[in-house]
Amino acid sequence: MTFSLRVVVVASVLVLTLVSIFFVSGYQLARRNEENTLLIEASISPTATEQLPSVVPTTVSPTPTPVNNNNFSLDYDYPPTTQKSGTVRIPILTYHHIAELPEKSSSKPYYVTPIMFERQLQYLKDKNYKVVTAQEFYELLKKGKNPSQKTVMLTFDDGSKDNYKNAYPLLKKYGFPGVFYINSSKLQITKTQLKEMSDNGMSIESHTASHKDLKKITDQSELESEIIGSKYAIEKITGRKVYSVSYPGCTYNDRVVDVAVMAGYKFGVTCSKYIDHYPSRLFALSRMHIYNDFTNFKKRLSGYWIIP
Ligand SMILES: [Zn+2]
């Protein structure tokens, strides 16, 4: 073998060795990466599996209506009434019973049927209303100007069983909070149910302890126990702060307001004809009564106080 041939052979062996080392180590590297990837996948796979829906939907769910956060001046079915300067426009609506209409005609104004109530909720959704809790209402009112989105607060007085049975499931269905004014010493909805409602975003608020006419209570300690006692009793049930009081029969005076302020309430609601509120009059806020009447409901949202 000549010297040059020997050089070629040695060089070829060297090249082959280097090439094979390169390939083997490359393979090992790739393998190791793959193992790492698998390990990573293994570590995340349980969660990833859990997140998958157990049943693959066969139809595509409809796209939810986009929320317009700047629709305050838009899209009213009745042109809104003129607003006084210095007020904040957030209609507060009052319901009592959400149930089938009773026989007795004098009780009928206090009833809205579940079908009508759902129609009203659907309307609020279609018109892009923001429905607020007692706390959210208070925070918006404190800002002293109209919200950028159409806003409404739905209130329910007296805490009857149908509020839990009929109003609450529909509110939950639409993702809206309701503000329930209950009598803490005359509970109709159970404590467990009230806690459930509170845990699901409803505001459980005070309609005093026993629904007495507050203006007629002359004994100061009795007045305090009606207003202050009910606040603490409800907070104990829900574990959440009570923001407001609804005066039974919508009657109140300065003495009543003084006790409510002392108790730590942030606002008080009565009944009236307006959807606009002065932030300086937090303890005399107007609420509009709602009837089992769809047209009247739409008119009241625009500020018209018309009896159906
Ligand atoms: Zn009442």
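The contact is made by Pro114, Phe117, Glu118, Leu121 and Lys125 of α2 together with Asn166, Ala167, Leu170 and Tyr174 of α4, two residues being in contact if their C-beta atoms, placed from the backbone, lie within 7 Å. By class, this contact of α2 with α4 has six nonpolar, one polar and two charged residues, with Ala, Val, Leu, Ile, Met, Phe, Trp, Tyr, Cys and Pro counted as nonpolar, Asp, Glu, Lys and Arg as charged, and the others, Gly among them, as polar.

What you see is a predicted model, in which local features need pLDDT of at least 70 and side-chain atom pairs count only at pLDDT 80 or more, while totals for chains, interfaces and linings use all residues. Residues are numbered from 1 along each chain as its sequence is written.

To return to the pair, α2 and α4 (residues 161-174) pack at an angle of about 25°, with their axes 10 Å apart; axes are lines fitted to C-alpha atoms, for helices over the stretch in contact, and angles run from 0 to 180 degrees between N-to-C directions. The two helices, α2 and α4, are therefore roughly parallel to each other, a label for angles under 35 degrees.

A second pair is α6 (residues 220-238) and α7 (residues 254-263), which pack at an angle of about 35° with their axes 9 Å apart, and the crossing of α6 and α7 is right-handed. Here Leu223, Glu224, Ile227, Ile228 and Lys231 in α6 meet Arg255, Val259, Ala260 and Ala263 in α7, and these residues divide into six nonpolar, no polar and three charged.

Finally, which residues of helix α8 (residues 294-301) are buried? They are Phe297, Arg300 and Leu301, where buried says that 20 or more other C-beta atoms, placed from the backbone, lie within 10 Å of a residue's own. Seen down the axis of α8, its buried residues fall within an arc of 100°, so they line one face of the helix, the arc being that of the directions from the helix axis to the C-beta atoms. What covers them includes α2 (114-126), β6 (151-157) and β12 (288-289).

Definitions and conventions
Buried ≥ 20, exposed ≤ 12 C-beta atoms within 10 Å, placed from the backbone. Helix = DSSP H or I, 4+ residues; strand = E, 2+ residues; numbered from the N terminus. Left-handed = near helix turned anticlockwise from the far one by under 90°. Parallel < 35°, antiparallel > 145°, perpendicular 65-115°, else oblique.
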